[in-house]
Amino acid sequence: QVQLVESGGGLVQAGGSLRLSCAASGGIFSINAMGWYRQAPGKQRELVAGVTSGGRTNYADFVKGRFTISRDNAKNTVYLQMNSLKPEDTAVYYCNADATSWSERRRGYWGQGTQVTVSS
């Protein structure tokens, strides 16, 4: 079964940077879009950024110009470079992949989440 493992979260001061990574593994046939979502306490999960297998990207308005998403298809890994972090960026960040495995039809997969905390 496809598994997504995130890393790179932590505590940072406002204005600082973090880089999140998410590696997919486990019987992967193909991966289409990959993306990052976040969920703050008491709020719904929201899209932060996405990237297609061809490298096309999209961003939520609240991160444009500050965050950059990228992926390494050879490693089945997606990254999120987060700069100029603000306290309101504090949330659990989740990786998502639209993937097909050798044993299952195409569907979405989620990572376990990584905490990002930005102090003021």
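Q: How do strands E3 and E8 pair, in the parallel or the antiparallel sense, and over how many bridges?

A: Two strands count as paired if DSSP finds at least two bridges between them; helices (H or I, at least four residues) and strands (E, at least two) are DSSP runs, numbered from the N terminus. Here E3 and E8 pair in the antiparallel sense, over 6 bridges, and Leu18 stands opposite Met82 in E8. This is a predicted model, in which local features need pLDDT of at least 70 and side-chain atom pairs count only at pLDDT 80 or more, while totals for chains, interfaces and linings use all residues. Residues are numbered from 1 along each chain as its sequence is written, and side-chain values use heavy atoms, with hydrogens and water left out.

Q: Which strand is joined to E3 by 5 bridges?

A: Strand E1 (residues 3-7) is joined to E3 by 5 bridges, and the two run antiparallel. Within this pairing, Gln3 stands opposite Ser25 in E3.

Q: How many disulfides does the structure hold, and which residues form a disulfide?

A: A disulfide is a pair of cysteine sulfur atoms within 2.5 Å. The structure holds 1 disulfide: the sulfur atoms of Cys22 and Cys95 lie 2.1 Å apart. The pair links distant parts of the chain, with Cys22 in strand E3 and Cys95 in strand E9, 73 residues apart. The link is left-handed, with -80° about the S-S bond. Both cysteines, Cys22 and Cys95, are buried, where buried means under 20% relative accessible area, exposed over 50%, and partly exposed in between (1.4 Å probe, protein chains only).

Q: Which residues of the largest nonpolar core touch the most other members?

A: In soluble globular proteins, nonpolar side chains tend to be buried together. A nonpolar core is a set of buried Ala, Val, Leu, Ile, Met, Phe, Trp, Tyr and Cys residues joined through side-chain atoms within 4.5 Å. The largest such core has 31 residues, of which Trp36, Leu80, Met82 and Tyr93 touch the most other members. Strand E9 gives the most to this core, with 5 residues. Leaving aside neighbours within four places in sequence, Tyr93 is in contact (heavy atoms within 4.5 Å) with residues including Trp36, Leu80 and Met82.

Q: Is Asn96 buried or exposed, and what does its side chain reach?

A: Asn96, in strand E9, counts as buried because its relative accessible area is 14%. The Asn96 side chain reaches the backbone oxygen of Tyr109 at 3.2 Å.

Technical notes
Polar contact = N/O pair within 3.5 Å; in protein donor to acceptor, adjacent residues only side chain to side chain.
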